[in-house]
Amino acid sequence: MVLTERILNIPFVRRSDTLRSFVTAAWLGWQIESNWADPFLFAVYSFVRPIASMLILVVMYSVISEGGVGDPMFNYIYLGNALYILVGMIITGVSWAVIDDREHYRVNKQLHTTPMDHYAYLMGRGVARLIIGSISVIITIVFGVLVFKLPVYLNVINWPLFLLSLVLGILSLAAIGIIMGSLTMMMARHFWSLGEAVAGGIYLFTGAIFPLETLPVYVRWIGFTLPVTYWLELTRRALLGPSASGFPTLAVFSNLELIGILSAFTLVLLVASVFVYRWAVEQAKEKGLIDLETSY
Amino acid sequence: MAESMLTDVAIRSTPRVEKARGFRLFWATVWARAYPRIVGATREMSWLFFETLLPLLSVAAYVFVYKAIGAPEDYIGFVVVGGAMTAFWLNVLWSMASQLYWDKDQGNLELYVLSPGPLTAILLGMAVGGLVMAGVRAVAILVVASLVFKVTYAVGSIPLLLLTFLLTMSALYGMGMMFASIFLASGREAWHLANLLQEPIYLVSGFYFPVKALGFWVATAASIIPLTVGLDAMRQLLFTSDPTLGFLSVEVELGILVVLTVVFISAAYFLLAKLEEIGRREGRLIERRR
């Protein structure tokens, strides 16, 4: 709370409803996610799942390749799955914030009657999961480097490309998360599956763990309509350096072209998220769904 | 006085409802708890879409991984069968193990405790209802994924396969009944515990690859989870590929499942009684703050 108070006391933050809502929501989200256990147990819970999920793929790969890891396909699968942790965390994070506030803590009515920027609040609630997800990604990649000789070297990483693609990727994921959260506000059933369904679809269609060429031709195009496909490709190129460029997926695009495509997706999604959010809140209020408690 | 006589006559003329006791009470309680899960599921079918679509997506993703690395065809079948069995594991985690905790949160647990029905019957009812729901989901995944990915099965003995499945379910839901008490005692950590027991169990139980690949000792330790041996036995009975892919022989795995069934159901009975006793004594059984 000390850090949060310091941030909230920065003059331009104090004067802005949006920034105050964002910072306070980020603090609240962090408390909800982390304060149920001591830090060590929380850390264990945070990285056991992603590591286990990674090891499933490692064992699958090892069984077929008879123990061989470390070739380009293995690196492709490993990095894609590690980075995908962020996708799941951010997309489902915002919709879960809506579910938590509405169904579990039952405070949605109070939240919507307080003088705050609720869009920024939802974005802020996603920050906690972003932090946890980022830590999991780092741990998973470090684990890969140490145990499976994943060729990610600090001196080879294209840092500007990595950081730029990371910012764009996170913004586009946050926008998708806000859209999911907005739709959740209007749902009385299956709301807990929405984020997971979208994240699952992205896992399958973006080539997170296999090259897009493996998908049947009639569904392959779906991957090209999703920003995550381009983000994963850019991040792989940034982290793996020259060894990543050999993959057939999106090989015809240069880094600059991929950045351009991802930027366009991010912009469109951010604008769309604002409109969808406003429309969803209005619909939820009109239909009396804003403080619905379904116990579903 | 006249009013009192009328009441007396009314009471005498009303046929007496026989109070359910013993097995009848147990069975009525089981059915009462299973009812909302079985009948309720048919009242609003939209759950089928989400319950089958979500696991199908991950099953498809793992199938494409095997395709991308050129795995033999039987491995596609391994993933499909493993993916179908995730329905039961998720059901045990979220609708059995976590259920009493959620019931406490929603205020139902105190009604269960106050009712004359035994808590074990309530848990069994939850298991029966959950088994039906998860069964529908598993069949849907199995059928759709088998058709989409053209999986071929070579079933040697259908009765043996059915016996394996039934024993796996008995042991698994027995484990779920046991977990229900443990999760209830763990309070807010129940949610995180259930989350934690997903991917790590998919890994150690070999949901997407033969468990033998993990090595003898890991596979042996993982055999405490009924799905590890159950899935391994079912794969041996469903696919003709290299018989050495099985961890243990089907007969041995059936024996392990019988032992696990007895142990888990006994433990569930004991733990539930213990938890109820401690909860009543300390007044924490229906406390919702934890």
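**View 1. The largest nonpolar core, 171 residues, in a predicted model**. Val65(B), Val79(B), Met85(B) and Leu123(B) touch the most other members of this core. α5(A) supplies the largest share, with 19 residues. Such a core is a set of buried Ala, Val, Leu, Ile, Met, Phe, Trp, Tyr and Cys residues joined through C-beta atoms within 7 Å; buried takes 20 or more other C-beta atoms within 10 Å of a residue's own, with C-beta atoms placed from the backbone. Helices are DSSP runs (H or I, at least four residues), numbered from the N terminus.

**View 2. Around Val79(B)**. Skipping neighbours within four places in sequence, Val79(B) is in contact (C-beta atoms, placed from the backbone, within 7 Å) with Val59(B), Tyr62(B), Val63(B), Tyr66(B) and Tyr208(B).

**View 3. Where chain A meets chain B**. Chain A brings 33 residues to the contact and chain B brings 32 residues. On the chain A side, α4 (39-65), α5 (72-104) and α9 (191-205) each give two or more residues, and α4(A) gives the most, 14 residues. That side divides into 22 nonpolar, eight polar and three charged residues.

**View 4. α8(A) against α9(A)**. The axes, lines fitted to C-alpha atoms over the stretch in contact, come within 9 Å and cross at roughly 155°. The two helices are therefore roughly antiparallel (angles over 145 degrees). Met180(A), Leu183(A) and Thr184(A) of α8(A) meet Phe191(A), Leu194(A), Gly195(A) and Val198(A) of α9(A).

Residues are numbered from 1 along each chain as its sequence is written, and chains are lettered from A in the order in which they are written. In this predicted model, local features need pLDDT of at least 70, side-chain atom pairs count only at pLDDT 80 or more, and totals for chains, interfaces and linings use all residues.

Definitions and conventions. Two residues are in contact if their C-beta atoms, placed from the backbone, lie within 7 Å. Ala, Val, Leu, Ile, Met, Phe, Trp, Tyr, Cys and Pro count as nonpolar, Asp, Glu, Lys and Arg as charged, and the others, Gly among them, as polar. A residue is buried if 20 or more other C-beta atoms lie within 10 Å of its own, exposed if 12 or fewer, and partly exposed in between; C-beta atoms are placed from the backbone. Axes are lines fitted to C-alpha atoms, for helices over the stretch in contact, and angles run from 0 to 180 degrees between N-to-C directions. Angles under 35 degrees count as roughly parallel, over 145 as roughly antiparallel, 65 to 115 as roughly perpendicular and the rest as oblique.
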